[in-house]
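Welcome! Take a moment to look over the sequence and turn the model around before reading on. We will then walk through it together, one part at a time.

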Amino acid sequence: MRVDVVSIFPEYFAPLDLSLIGRARANDVLQLAVHDLRSWTHDVHRTVDDTPYGGGPGMVMRPEPWGAALDALAPADVPPPRLLVPSPAGVRFTQAMAHELAAEPHLLFACGRYEGIDQRVLAHAATRMPVTEVSLGDYVLFGGEVAVLVILEAVTRLLPGVLGNAGSLDEESHAHGLLEAPIYTKPPSWRGHDVPEVLRSGDHGRIARWRREEGLVRTAAQRPDLLAALPPERLDKRDIAA
Ligand code: SAM
């Protein structure tokens, strides 16, 4: 997968050299390039922002550097990337969207700062490529960089060959609309708290049932919205009895 990121703070992306994302880059599973938006400015101050039309506080990112950046990174003579614009006004990023993005050959991220990017940049880009404004959640960050780090991490771990044991993708929270059951490791007893007996029983049928029920209980307690959205056919009779 090819990924281009445009930001006025390319230094933000240093962690993408680390850990499993760094290895995916080294193995060429992920071809990532980070670009400084200011390299597409032409004035001595390398200006990227200006005051908002209609008044109000803050500054807005000007369209010209963004237009030049998108022209350079998504030239008309090659298949267009999918443009992702982090924004608190975007659609909510989910594991389902992570799977959708992991199937794309080329992603292009545009990191806003200040009050965000002049909307005409998105309108113009949408005439040439798919554009999605994407939100991490219902809160406001300083800029899109942290959102891109989050999205890229969620997407990269879904790429073939990135996780040592791809089976973990099938058993984790959000894989099937539920949260994962609590997990434990050694020692069996710690500060008066014991690992549930069933997990030490060696009975794989009982363990699977316990994990399913604990996942349901945890989802009901912490994320009743997920349980309410679960299609009824995903629940079996034993789930309902539990
Ligand atoms: N004026 C914008 C609004 O009210 O919708 C908020 C701008 S915010 C201060 C600056 C930038 O941070 C945004 O352009 C976006 O790139 C990023 N950002 C802030 N909150 C975000 C969120 N919840 N999800 C994704 N990106 C976010």
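How many bridges join strand S1 (residues 2-7) to strand S6 (residues 106-110)? There are 5 of them, and the two strands run parallel. Keep in mind as you look that this is a predicted model. To find your place along this pair, look for valine 6, which stands opposite alanine 110 in S6.

Now let your view widen from that pair to the sheet. Strands of a sheet pair through backbone hydrogen bonds, in either a parallel or an antiparallel way. Here we have an open sheet of 5 strands, and the pairing is parallel. Reading across, the order is S2-S1-S6-S5-S7. The edges are formed by strand S2 (31-36) and strand S7 (131-135), each of which pairs on one side only. From one strand to the next, the twist averages 30°.

Next, find helix H5 (residues 145-156). This helix lies across S1, S5, S6 and S7, and its direction makes an angle of about 165° with that of S1.

With the sheet in mind, let us turn to the ligand. The ligand is surrounded by 19 residues, and the closest are Pro86, Gly112, Gly116, Leu141 and Gly144. Which strand gives the largest share of this shell? That is strand S5 (residues 82-92), which supplies 4 residues.

Finally, some details of the backbone deserve a visit. As a rule, most residues other than glycine have a negative phi, and most peptide bonds are trans. Against that background, look at the peptide bond from lysine 186 to proline 187: this bond is cis, with omega near 5°. You will find proline 187 in the loop between helix H6 (168-171) and strand S8 (189-190).

Aspartate 28 is not a glycine, yet has a positive phi of about 70°. This aspartate sits in the loop between helix H1 (19-26) and S2. Is aspartate 28 buried or exposed? Aspartate 28 counts as exposed because it has 7 C-beta neighbours inside 10 Å, and a residue is called exposed if that number is 12 or fewer.

Arginine 191, another residue other than glycine, also has a positive phi, near 50°. Its place is the loop between S8 and strand S9 (193-194). With 5 other C-beta atoms within 10 Å, arginine 191 is exposed.

Definitions and conventions
Residues numbered from 1 in each chain as written. Predicted model: local features only at pLDDT ≥ 70, side-chain atom pairs only at ≥ 80, totals over all residues. Near = placed C-beta within 6 Å. Pairing = 2+ DSSP bridges. Axes fitted to C-alpha atoms, helices over the stretch in contact; angles between N-to-C directions. Contact = placed C-beta atoms within 7 Å. Buried ≥ 20, exposed ≤ 12 C-beta atoms within 10 Å, placed from the backbone.
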